[in-house]
Amino acid sequence: MVANSGGLSAYLHFKLTRLHISPLHSTVYGLQLSRKKRRAAVGVTPITCCCSDSVVPIRSVNKNEDRSSHRLLVQATPALPFASHQSRFVSKQEKFSPRCTARNSGPQSRDNPPKRDTGIANEKDWGINLLNENVNESGTNEDGSMWYRESGEDLGENGYRRRWTRMGGRSHDDISEWKEMWWEKSDWTGYKELGVEKSGRNAEGDSWWETWQEVLHQDEWSSLARIERSAQKQAKSGTENAGWYEKWWEKYDAKGWTEKGAHKYGRLNEQSWWEKWGEHYNGRGSVLKWTDKWAETDLGTKWGDKWEEKFFAGIGSRQGETWHVSSIGNRWSRTWGEEHFGNGKVHKYGRSTTGESWDIVVDDETYYEAQPHYGWADVVGDSTQLLSIKPQERPPGAYPNQDIGSSSPSSTDGDSSDLPPPPQ
């Protein structure tokens with residue numbers, strides 16, 4: 001097979017044929033998994049996949065392709081976590097607002113469900129404003145809805161200090177409710193943490209939960225300053241078997257080492273999908289990126305795509321697989337790979353279960369990102385509130401105990417134990 005240097009414009013689509021009847025198709029949970037093709041495609045006869053309206057062409061490569069072109073995209077309306085009718089969430093904010101502004105004393109409602117695929121917000125987007133005094137107050141609005149607001153400070157060993165504010169409200173019949181908590185933590189080791197947790201439910205039975213954290217600490221092995229950010233989000237429908245969950249994390253240190261990743265899961269009635277991806281930069285030019293996405297239906301149809309790339313000093317490799325299993329167990333797959341030698345030569349190879357194969361060496365450019373587009377300097381600039389946290393004053397002769405548990409950052413390493421099990 002000979003590579004086509006002019007490029008092949010084609011797209012890989014996996015979508016369930018019955019999705020077009022769903023009111024959520026191409027909005028909240030419509031599964032349309034697509035991927036751009038890259039330059040230098042291997043010319044083969046397209047193969048029709050039995051779960052798709054379109055053909056499945058061979059994978060190709062574009063030197064300017066970024067991560068998004070490797071991914072199968074799960075399309076979703078960014079503003080809605082779920083709902084068959086958009087008006088459900090449009091009117092809900094109006095219902096909450098009057099009961100959270102009672103007589104200029106109650107907290108303003110921040111009752112807005114999390115948005116899908118929005119990553120980790122910056123601290124300024126949360127508007128965290130901790131009170132400087134202890135507060136415990138509550139009230140009732142004219143419509144019978146209730147609100148409360150509390151704040152306080154907790155102190156512990158090793159200079160541990162935690163300031164917090166908690167607020168919320170609920171409707172007069174207790175059907176609708178929202179809660180939110182802010183906090184900051186610090187101790188004498190230099191550990192600092194800023195966080196938010198919020199949750200809510202509405203009259204239709206929809207519920208959601210979200211948490212966000214930002215941590216500054218000193219790495220115990222390298223003694224370098226490190227900032228870690230994480231977010232978890234989930235939402236569940238009260239009227240149908242639908243919901244989604246996401247976990248995001250980012251880690252940075254002062255010498256450029258960076259790690260980023262996400263785990264995601266979603267379901268709409270008989271359809272479920274998963275996604276995992278990660279990026280690792282060692283700060284000295286070495287980079288590893290990977291993505292794994294798959295989906296399935298209750299009827300047994302499964303499909304997915306995964307890829308990985310490793311590079312250092314212009315030399316590296318890419319490899320991946322696209323696959324599909326029908327409801328009766330028939331499997332189709334195509335694997336591919338690239339070896340980049342750093343001298344303008346690229347070895348491309350692959351094969352499929354239908355007998356396709358290719359193994360060629362071509363003249364091609366090697367393109368990859370050796371540094372993250374958002375790194376240490378960026379996260380420091382966006383973490384001014386975290387960095388400004390003031391720990392307790394340390395008395396003379398008192399030294400921090402590095403083994404105190406409060407000085408250890410919260411886990412944000414992307415443990416997949418909180419995700420539903422993948423299909424077999």
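Which residue takes a positive phi in the hairpin of strand 17 and strand 18? In that hairpin, with four residues between the strands, Gly300 has a positive phi near 105°. The model is predicted, so local features need pLDDT of at least 70 and side-chain atom pairs count only at pLDDT 80 or more, while totals for chains, interfaces and linings use all residues. Residues are numbered from 1 along each chain as its sequence is written, and side-chain values use heavy atoms, leaving out hydrogens and water.

**Strands** (DSSP runs of E, at least two residues, numbered from the N terminus)
- Strand 16 and strand 17 pair in the antiparallel sense over eleven bridges (pairing requires at least two DSSP bridges between two strands).
- Gly283 takes a positive phi near 85° in the hairpin of these strands, which has five residues between them.
- Strand 17 also pairs with strand 18 in the antiparallel sense, over ten bridges, and Lys293 stands opposite Asp305 in strand 18.

**Aromatic pairs** (ring centres of Phe, Tyr and Trp, the last by its six-membered ring, within 6.5 Å; stacked under 30 degrees between planes, edge-to-face over 60, tilted for the rest)
- The structure holds six aromatic pairs, among them the stacked pair Trp274 and Trp294, at 5.8 Å centre to centre and 5° between the planes.
- Trp274 lies in strand 16 (residues 271-281) and Trp294 in strand 17 (residues 287-297), so their pair ties together parts 20 residues apart in sequence.
- Trp294 is the bridge partner of Trp274 in strand 17, and both are buried (under 20% relative accessible area, with a 1.4 Å probe and protein chains only).
- Tyr265, Trp274 and Trp294 form one aromatic cluster.

Note on methods
Buried means under 20% relative accessible area, exposed over 50%, partly exposed in between (1.4 Å probe, protein chains only).
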